[in-house]
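Reader: I am new to reading protein models. Could you take me through the terms used for this one?

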Amino acid sequence: SIIPQFGGLFAVVAFVFLIPFFAMWWSADNEIEWIQALLGAEAMSGVEDMYGKDSDSVEHLRGKHGSDFRMFAHYINNNVGIDFRLFAGGIFFGIGTLFFLIYNGLYLGAVVGYVEYAGDPELLWKFVAGHSSFELLGMLVVGMAGIKLGFAILAPGQLSRAEALTRAGRDGLPLLIGGVFMTVLAAVVEGFWSAQPIDASIKYAVGISFWILHLLYFIFVGRGYCGA
């Protein structure tokens, strides 16, 4: 089989997501028009409301959603929707998965770049610190499951495409379940922790701890459950 193993799959999806992310972030200091064109007036206004120099992201979220639980429900709907598109996109020879990885990389990079251009970056970083590892790594893990489906259709080997797709779906199931679980946890952290008025140094410390724990798990434990 030419389907890459865990490390190769992760490298593929990380590259496809991170290159557009950093390219769009970089453009904030060079070609801000790209970011403005991608986000549009409505999204830029929302970013300014949330992370503007004179805004209060905590109060903005509370005013928008009304309660921690409603914020949690909103993020669950958003995150799981992204996961579904990433996984289902694998059916189209992996092109759908690649498209949504690139799009999310561009969009998130544009948000970060626009905050640095027109807002207060500290408001953004202290808000995303706690849940970023769950959300980003969960998205990449689900993307790996989608890429598995795409490889199975493109290169089924000695199997029929239907058999190869069935096997890839079975092998990718731990990735899908694990990735969705991570993005659900991201919604929990985002709804009940990220928007709380907690000192930034504590939020950064918690966020760094989560990133370290996730990376240690991926390196020493997680790959054994992901078709490696």
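**Contacts, burial and rings**

Author: In the protein chain, 80% of the contacts (heavy atoms within 4.5 Å) between residues at least 6 apart in sequence join residues at least 24 apart. This is a predicted model, where local features need pLDDT of at least 70, side-chain atom pairs count only at pLDDT 80 or more, and totals for chains, interfaces and linings use all residues. Residues are numbered from 1 along each chain as its sequence is written, and side-chain values use heavy atoms, leaving out hydrogens and water.

Reader: Why is F218 called buried, and what is F10?

Author: Buried means under 20% relative accessible area, exposed over 50%, and partly exposed in between (1.4 Å probe, protein chains only). F218 has 11%, so F218 is buried. F10 has 21%, so F10 counts as partly exposed.

Reader: What makes F10 and F218 an edge-to-face aromatic pair?

Author: Rings of Phe, Tyr and Trp (its six-membered ring) pair if their centres lie within 6.5 Å; planes under 30 degrees apart are stacked, over 60 edge-to-face, and the rest tilted. The count by this rule is 13 aromatic pairs. For F10 and F218, the centres are 5.9 Å apart and the planes 80° apart, hence edge-to-face. This pair links helix α1 (residues 6-27) with helix α9 (residues 200-220), 208 residues apart.

Reader: And why are F17 and F21 called stacked?

Author: Their centres are also 5.9 Å apart, but the angle between the planes is 20°, so the pair is stacked. F17 and F21 are both buried.

Definitions and conventions: Helices (H or I, at least four residues) and strands (E, at least two) are DSSP runs, numbered from the N terminus.
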